[in-house]
Amino acid sequence: MPTPLAQARGLGAAHKGPETFWRQRLTAVANIPLVLFLILSILLHIGSPYEEVRTYLANPIVAVLMLGLVLSATIHLRIGLKEIVEDYIHGDALRMTMLFLSGFFAIGVGLASALAIIKISLGS
């Protein structure tokens with residue numbers, strides 16, 4: 001007969017176990033150098049003309065790093081919003097609505113950011 005610990009080990013209520021936990025930690029670690037790169041990029045281009053900044057962002061390495069930041073931060077945002085809603089919203093209907101809206105918000109922010117980076121990097 002399995003003990004409660006044996007039944008719960010590695011599994012949460014959604015039966016996904018530590019997958020979300022590790023995904024959040026992975027994106028947090030990935031965000032550290034990417035955000036530092038973003039801050040450095042901003043500091044180096046304070047007061048620069050638009051064309052110089054656009055040229056900088058058009059560099060493929062810079063564009064890929066910025067897209068990596070957008071992807072990682074969007075995943076991290078989605079997980080964080082989901083945890084907050086699940087922890088602090090108690091009504092089932094409101095919780096489901098907020099999960100739905102927060103998911104679309106995170107995806108919308110990520111898509112808008114990625115589109116802006118791609119558009120600038122391609123010179124459109």
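Trainee: What makes the meeting of the side chains of Arg23 and Glu19 a salt bridge?

Mentor: The side chains of Arg23 and Glu19 come together at 2.6 Å, N to O, and a salt bridge requires a side-chain nitrogen of Lys or Arg within 4 Å of a carboxyl oxygen of Asp or Glu, so the pair of Arg23 and Glu19 qualifies. Bear in mind that this is a predicted model, in which local features need pLDDT of at least 70 and side-chain atom pairs count only at pLDDT 80 or more, while totals for chains, interfaces and linings use all residues. Residues are numbered from 1 along each chain as its sequence is written, and side-chain values use heavy atoms, with hydrogens and water left out.

Trainee: Where do Arg23 and Glu19 lie, and how many residues apart are they?

Mentor: Both belong to helix α2, 4 residues apart, which is about one turn of the helix; helices here are DSSP runs of H or I with at least four residues, strands are runs of E with at least two, and the numbering starts from the N terminus. An α-helix has 3.6 residues a turn, so residues three or four places apart point the same way.

Trainee: Why is Arg23 called partly exposed?

Mentor: Buried means under 20% relative accessible area, exposed means over 50%, and partly exposed is what lies in between, with a 1.4 Å probe and protein chains only. Arg23 has a relative accessible area of 36% and is therefore partly exposed, and Glu19, at 39%, is therefore partly exposed too.

Trainee: How many salt bridges does a search of the whole structure find?

Mentor: The search finds 4, among them one between Lys82 and Glu86 at 2.8 Å, N to O, and one between Arg95 and Asp92 at 3.0 Å, N to O. Lys82 and Glu86 are 4 residues apart in helix α4, and therefore separated by about one helical turn, whereas Arg95 and Asp92 are 3 residues apart in helix α5. Asp92, with a relative accessible area of 55%, counts as exposed, while Arg95, at 22%, is partly exposed.

Trainee: How do you know that helix α5 is close to its expected reach?

Mentor: The expected span of a helix is 1.5 Å times one less than its number of residues. Helix α5 covers residues 92–121, that is 30 residues, and reaches 43 Å from its first C-alpha to its last, close to the 44 Å expected. Just after helix α5, Gly123 takes a positive phi of about 80 degrees.

Trainee: Why is Gly110 called buried?

Mentor: Gly110 has a relative accessible area of 8%, so it is buried. Gly110 is one of the buried residues of α5, a list that also includes Leu99, Ala106 and Ile117, and what covers these buried residues includes α3 and α4.

Trainee: Which residues does Gly110 touch, not counting residues up to four places away in sequence?

Mentor: Gly110 touches Val70 and Thr74, where contact means heavy atoms within 4.5 Å. The C-alpha atoms of Gly110 and Leu77, 33 residues apart along the chain, are separated by 9.5 Å.

Trainee: What makes the nonpolar surface patch, and which residues are in it?

Mentor: Patches are made of residues with over 30% relative accessible area and no salt bridge, like charges being joined within 9 Å and nonpolar side chains (Val, Leu, Ile, Met, Phe, Trp, Tyr) within 5 Å. Here Ile32, Val35, Leu36, Ile39, Ile42, Leu43 and Ile46 make a patch of about 680 Å², an accessible area from the Shrake-Rupley method with a 1.4 Å probe, for which, in the case of residues, only the protein chains shown count as cover. Val35, at 33% relative accessibility, is therefore partly exposed.

Trainee: At which residues does UniProt place the feature "transmembrane region"?

Mentor: The unreviewed UniProt entry places this feature at residues 26–44, 56–77 and 98–118; the positions are in the numbering used here, feature names are shortened, and annotations may be inferred rather than shown by experiment. In the model, residues 56–77 are 95% helix and 0% strand, and residues 98–118 are 100% helix, with end C-alpha atoms 30 Å apart.
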